[in-house]
Amino acid sequence: LANTGFKVFGMNIVDIAAKFYLLQTAIRAVVQGLVGLFELAEFGAMVQQQERAFQSLVTGAGKDYLSFMDELRDKSGGLISDYDLQLKASNAIIGTTGQVRTAMVDALPSLLQFSRAFAALHPDIGNTEFVFNSLVIGIRRASPRLIDNALIYLKLGEAVDTYAKSIGKTADELTNQQRQMAIINATMAGGNIIVDQAGNLINSLTDRYTIFRKNLNETKQAGGVFLNEFLGPSIVLINEQF
């Protein structure tokens with residue numbers, strides 16, 4: 001009877017169900033699209049916030065932000081996007097003070113060069129970004145195991161003893177900051193060896209693929225920033241209604 005009734009309007013139950021399904025599918029696609037735009041805009045806000053944060057960290061350490069970013073891009077060989085550079089380099093600076101903060105900021109360009117040289121010598125182990133992150137986190141955590149990812153075999157006791165002697169102290173007399181300095185110095189010494197060994201090989205054949213992947217990431221990041229600029233004010237207005 002129900003089916004007969006629907007035929008009065010030129011439709012049966014099957015027609016209604018099919019159209020309802022298509023409507024549901026269309027609504028779901030629109031909702032998913034809006035969620036995707038929202039998530040991309042939110043990511044764009046993260047990109048912009050990271051740039052502001054890193055600029056504050058760098059200028060707070062006494063560096064010119066624009067010149068420092070140019071140096072980081074140069075040492076990375078253009079293999080890492082600005083956002084990822086800032087994100088990982090921030091891990092080296094956040095929470096540091098005094099001599100350690102200055103030393104970490106000064107070390108960042110060299111750490112990128114070490115990472116690039118190592119990635120060229122060992123393309124099967126990890127790319128420049130992976131090695132750079134390992135070195136930064138390894139230094140901050142005083143973890144020789146992470147620093148070993150770049151085949152810089154750092155013996156913590158020897159590093160501390162060497163630094164202590166260089167400043168006329170014993171290992172037991174060193175402060176936590178001075179122990180951190182010992183790790184930074186030992187990592188820098190080991191990294192310079194890798195750069196010397198890489199020589200002209202620092203420009204790797206795999207770089208073209210890394211750069212292509214970086215360009216894709218930067219396209220997404222730029223799209224996110226654009227959407228954040230476009231949607232951000234509307235989100236603020238919507239939030240004010242709650």
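Start by selecting Asp 172, which sits in the loop that joins α8 (156-166) to α9 (176-198). Helices here are DSSP runs of H or I with at least four residues, numbered from the N terminus. This is a predicted model, in which local features need pLDDT of at least 70 and side-chain atom pairs count only at pLDDT 80 or more, while totals for chains, interfaces and linings use all residues. Residues are numbered from 1 along each chain as its sequence is written, and side-chain values use heavy atoms, with hydrogens and water left out.

Asp 172 counts as exposed because its relative accessibility is 72%. The classes are buried (under 20% relative accessible area), exposed (over 50%) and partly exposed (in between), with a 1.4 Å probe and protein chains only.

Move on to α9. This helix has 23 residues and spans 33 Å from first to last C-alpha, close to the 33 Å expected at 1.5 Å a residue. The expected span is 1.5 Å times one less than the number of residues. Just after α9, select Gly 199, where phi is positive, at about 55 degrees.

Next come the salt bridges, of which the structure holds five. A salt bridge is a side-chain nitrogen of Lys or Arg within 4 Å of a carboxyl oxygen of Asp or Glu.

Select Asp 106 and Lys 63, whose side chains form a salt bridge at 2.9 Å, N to O. Asp 106 is in helix α5 (residues 98-121) and Lys 63 in the loop between α2 (13-60) and α3 (65-76), so the pair ties together parts 43 residues apart in sequence. Asp 106 is partly exposed at 39% relative accessibility, and Lys 63 is partly exposed at 30%.

Go to Glu 129 and Lys 88, another salt bridge, with the closest N and O atoms 3.0 Å apart. Glu 129 belongs to helix α6 (residues 128-140) and Lys 88 to helix α4 (residues 82-93), so this pair ties together parts 41 residues apart in sequence. Glu 129 is partly exposed at 22%, whereas Lys 88 is buried at 13%.

Finish in α3 with Arg 73 and Asp 70, three residues apart and separated by about one helical turn. Their closest N and O atoms are 2.7 Å apart, in a salt bridge.

Technical notes: Helix = DSSP H or I, 4+ residues; strand = E, 2+ residues; numbered from the N terminus.
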